[in-house]
Structures are given as C-alpha cells and as structure tokens.
Amino acid sequence: MSRPRARERKPAWLRTFVSKTSPLVVTVCEGCGLYVIQDRENVWESWDYGLVEGDDLTVAIILGRPVTRVTWLPSVGHPLLRSTCGSAGIMPDGQYLAMHMCHLARISVKPFKPPSRERPPGKPWGGPKLSKQEIAEFKRIWDMPYSQLKHEKTPANKVGQGKKQTLF
C-alpha cells in the first residue's frame, strides 16, 4: 500500500506544534491530499492545521464545522486538543482547530505560536555600581584597537607590583 501524495508544501511551524512525544501526528489525507493533524489519543480524528480564532471562529460556527480547543502545555512542550461540546464550549478568546472535511476549503491557515513564558515577578537587575573613573577606563579599553590592547598593562601592575603583566 503506497502513501498518499501531498498536494501542498508542509508548513514549517507544524514541526514545533507537533513534537515527537505528542499524541498528535501530521499526515496527508488519503481523500484530498492535504496535510492534516490527527489526534491519535483516543478516537482518531483529523483536523485542519490552520489556527481558528477571532473572525475565523465565527465563520466555523456559521458553517457548522466542529472545532477542538488547543491547550498548550509548557511543561510537556506540546499542545493537547480538547473537545468543545458543540458551540457551548467555545470561548471567543480561545484557539481552535477546525475538523478536516475532504475537498472543502480550510477555514484558516494561520500558524500557531506558543504562548510566551511568563517571568516571575522580582527586582529588576540594576547592574553593578561603577564609579565614573571605572566607566571611563572601560570605555577607553573598549575603544582601543586590539594591536594596541595586546601591549597594555593591567591597572594593578601599573602601580608597581614588580611583575610586568599584559592584558592578553
């Protein structure tokens, strides 16, 4: 049995969306040759890969296309698909995938971006406290050409430690 041939290019973002440890699988639909996401956790279902949200969600409801909610799990590193129980479980701020129906156009082809990690609250880093003289010395060394920097003496050895040491 041969594999069905894809009629389109596979979107690059699907590799990050569907990881190797995920119960989701990216495959080609045998009927129409388009890429679909299959949820192989319990009952095998096929979903179009475009992210449905905002106005596209309204279109999906009007067309009567079933949708599934995308829940991103940062601890696991891949999304899970959760059923919505018709239009009752749909929230306007959610992200969804529309069910794949052969030979019908996709509702959306919008790529999925994982949510950004929230940083814990804390003190902003103020950096070290440097004197104006230390800042001026840093700027002087920073702007110095490397050929001259090789022969520069370290500040500690300029005072007269007895040993002559260069920076590099």
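This is a predicted model: local features need pLDDT of at least 70, side-chain atom pairs count only at pLDDT 80 or more; totals for chains, interfaces and linings use all residues.

Trainee: Among contacts in the protein chain between residues at least 6 apart in sequence, what percentage join residues at least 24 apart?

Mentor: The protein chain has 5 helices and 6 strands, where helices (H or I, at least four residues) and strands (E, at least two) are DSSP runs numbered from the N terminus. Of the contacts between residues at least 6 apart in sequence, the share joining residues at least 24 apart is 55%.

Trainee: Which strands are the edge strands of the sheet?

Mentor: Two strands pair if DSSP finds at least two bridges between them. The open sheet of 6 strands is antiparallel and has the order 1-2-3-6-4-5. Pairing on one side only marks the edge strands, which are strand 1 (24-28) and strand 5 (78-83).

Trainee: Which residue in strand 6 does threonine 68 stand opposite?

Mentor: Strand 4 (residues 67-73) pairs with strand 6 in the antiparallel sense, over 3 bridges. The residue in strand 6 opposite threonine 68 is leucine 97.

Trainee: At about what angle to strand 3 does helix 2 run?

Mentor: Axes are lines fitted to C-alpha atoms, for helices over the stretch in contact, and angles run from 0 to 180 degrees between N-to-C directions. Helix 2 (residues 55-63) lies across strand 3 (45-52), strand 4 and strand 6. Its angle to strand 3 is about 145°.

Trainee: How many disulfides does a search of the whole structure find?

Mentor: A disulfide is a pair of cysteine sulfur atoms within 2.5 Å. The closest cysteine sulfur to that of cysteine 29 is in cysteine 102, at 3.1 Å, and is therefore too far for a bond. The number of disulfides found in the whole structure is 0.

Trainee: Is serine 116 buried or exposed?

Mentor: Buried means under 20% relative accessible area, exposed over 50%, and partly exposed in between (1.4 Å probe, protein chains only). Serine 116 lies in the loop between strand 6 (96-99) and helix 3 (132-143). Because its relative accessible area is 66%, serine 116 is exposed.

How values were computed: Residues are numbered from 1 along each chain as its sequence is written. Side-chain values use heavy atoms; hydrogens and water are left out. Contact means heavy atoms within 4.5 Å.
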